[in-house]
Amino acid sequence: MRAHERLHSNLPVDRRNLPGHRVFFGRDTPLQLDCGAVLADFPVAYQTYGTLNKNRTNAILVCHALTGDQFVAERHPVTGKDGWWSLMVGPGKTIDTNRFFVICVNVLGGCMGSIGPAEVNPATGELWGLRFPIITIADMVRAQTMVLDHLGIEQLFAVIGGSMGGMQVLEWAALFPERVFAAVPIATASHHTAQNIAFHEVGRQAIMADPDWCDGEYWRVGKRPHRGLAVARMAAHITYLSESKLTKKFGRRLQTGKALSYGFNVDFQVESYLRHQGITFVERFDANSYLYITRAMDYFDMPARYGGQLANAFRDTKVRFCLISFTSDWLYPTPESRRIVHALNAVAANVSFAEIVSNAGHDAFLLDEPDFRRVLGGFLAGAAQHRGLAAANSR
Amino acid sequence: MTAKPAPSIRVDLQLIAQMIEANSRVLDVGCGDGMLLAYLWHVKNVDGRGIELSSEGVNACVSAGLSVIQGDADTDLADYPDAAFDYVVLSQTLQAMRAPRQVLIELLRIGKHAIVSMPNFAHWRLRLALLFTGRMPRNRVLAEAWHDTPSIHLCTIRDFVALCESIGITVERSLFLNDQGSPSHFGRSLALANLLGEQAVFMLSSRKKAPNA
């Protein structure tokens, strides 16, 4: 068995046979990456929901976050759970697939079918591993434009994403403003702060400290750095919640019995919860992918690219923006969204901004938050009216 | 868009809407639940934006498809470029600003015109109430008790006109509402308006020509 086949066979689902679409790009025009490398002949996996209208004007691109994937609104083929935004996307839902054609692309560097360290490098016949070039958020977006070209969609009605998805939304609006009618960056920031980078570095170090990581070549020896990746996920997961949410959900409640064990087994419910988060994560995610994607986020710094003035990224923009943040999100807190709003105001862009009251922390954008749904739904309805899109039942 | 029935709005908002030309660019500072912006969008095809402090107001506005940001007029107006809007509206909000003088200057930097509506603290009923009761007067427009009211910088019509004069602002038009809520010019007498006008709406412009005007 060849090494990469061993990796694939190690997983519950062979990534090459996932549902959805998988297209190879770059054969004619290779993709030039920010790091200088080029990608030729590489797969991009994506999923779609709903129907593209005749004029191809009703497409919404949903951009997924760090550990998300293209399975937005269906039973996940690996975990068997609901898609990560099933609450938001579907027939009659806030992002109504009776009305809109929803696309979600597995990001570059991901591990659900798009090119990344866990895919085969056609030049060598081996998995890329750490020979995969470093990618950026802008590279992810450039690959997504190839999907749009493939689908014959000139302009998206909207690009929507939370967290790292929101960073992609910002890049879309900055790099391809003519291809975006409306942009919805949610719970995100225009650059990664020292604190953001610091948390990611903890995760990466946890992975690299796992002996099963084998300097990134674990797939050669049929191993996977489960423990390191699980610790990375546990640390990151804390940043997605809030202190008040953790207190409300777990407090100091004990996992078993009424007494402390006076040992290092799981005493507290919150420990059990985090361990569970770590264990379930490693079943569906590749450790090297985690390194690459967190790196892409750390490199994200839009103001720096525009001479320190974020406003320069959006000069003369016609895009309608709606920024949304959450009160208890301390990973990408409201001032980060406000910074983007200020930049957009400085170029008199069309912008809405709402801070939603929630105690769910950063993860609020994934959860059932009625105010959030109302704001997003209202913004999309208003934008659709401005775009001249027919209502769902008259399409 | 034109098929929608015109929403009905408060009288003072109607007066403001009258002053705004169709298809213009409008910023509504302190836009509340977006009543004026919705009206201007549907009736006058205005490209409208809003700033609102309360998250309830912002959520209502954005949910209604209006372009509104959660922000503070005292600090956030500074972001906007010069002459970005044809009209900047400040309706029943000036008296709640920490720095009304600075806000007025900002309004006319951002907008070619500013439209300001305000309660008149010199209305005769308020004058009499203060004289006879010796307590802070209240009416429909100024409904809260002194310790609860967001109105920290109340003024009279004459105070406002004097402030405009002192900072080089021209009052292009003024409209007044009497205590029946009906518009009146009071024979174009400022002294009479200051006595009988319960609310005032002013359209302002900068005395200096804006660079692009």
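Me: What share of the 395 residues in chain A is buried?
Reply: This is a predicted model, where local features need pLDDT of at least 70, side-chain atom pairs count only at pLDDT 80 or more, and totals for chains, interfaces and linings use all residues. Residues are numbered from 1 along each chain as its sequence is written, chains are lettered from A and ligands numbered from 1 in the order written, and side-chain values use heavy atoms, with hydrogens and water left out. Buried means under 20% relative accessible area, exposed over 50%, and partly exposed in between (1.4 Å probe, protein chains only). For the 395 residues of chain A, the buried share comes to 59%.

Me: How many helices and strands does chain A have?
Reply: Helices here are DSSP runs of H or I with at least four residues, and strands are runs of E with at least two, numbered from the N terminus. On that basis chain A has 11 helices and 14 strands.

Me: And what is the radius of gyration of chain A?
Reply: It's taken over C-alpha atoms, and the globule rule is 2.2 Å times the number of residues to the power 0.38. For 395 residues that rule gives 21 Å, and chain A comes close to it, so chain A is as compact as a globular protein of that length. The C-alpha box along the principal axes is roughly 65 × 55 × 45 Å, and the radius of gyration is 21 Å.

Me: Which domains does the assignment give for chain A?
Reply: The bounds come from an automatic or database domain assignment. The centres of the two domains, over C-alpha atoms, are 25 Å apart. With contact meaning heavy atoms within 4.5 Å, 41 residues of domain 1 of chain A touch 34 residues of domain 2 of chain A. The assignment reads domain 1 (3-193 + 305-394) and domain 2 (197-294).

Me: Switching to chain B, what is its radius of gyration?
Reply: Chain B has eight helices and eight strands. The globule rule gives 17 Å for 213 residues and chain B is close to that, so it is as compact as a globular protein of that length. Its C-alpha atoms fill a box of roughly 50 × 35 × 35 Å along the principal axes, and the radius of gyration is 17 Å.

Me: How far apart are Ile110(B) and Ala84(B) in space, C-alpha to C-alpha?
Reply: Ile110(B) sits in helix α5 (residues 100-110) of chain B, and its relative accessible area of 0% makes it buried. Beyond its neighbours within four places in sequence, its contacts include Leu27(B), Tyr80(B), Phe85(B) and Val88(B), with Ala84(B) also among them. Ile110(B) and Ala84(B) are 26 residues apart in sequence, yet their C-alpha distance is 5.5 Å.

Me: Is Asn23(B) buried or exposed?
Reply: Asn23(B) is in the loop between α1 (11-19) and β1 (25-29) of chain B. Its phi is near 65 degrees, a positive value in a residue other than glycine. Most residues other than glycine have a negative phi. With a relative accessible area of 56%, Asn23(B) is exposed.

Me: What is phi of Gln92(B) near?
Reply: Gln92(B) belongs to the loop between β4 (85-91) and α5 of chain B. Its phi is positive, in a residue other than glycine, and the value is near 55 degrees.
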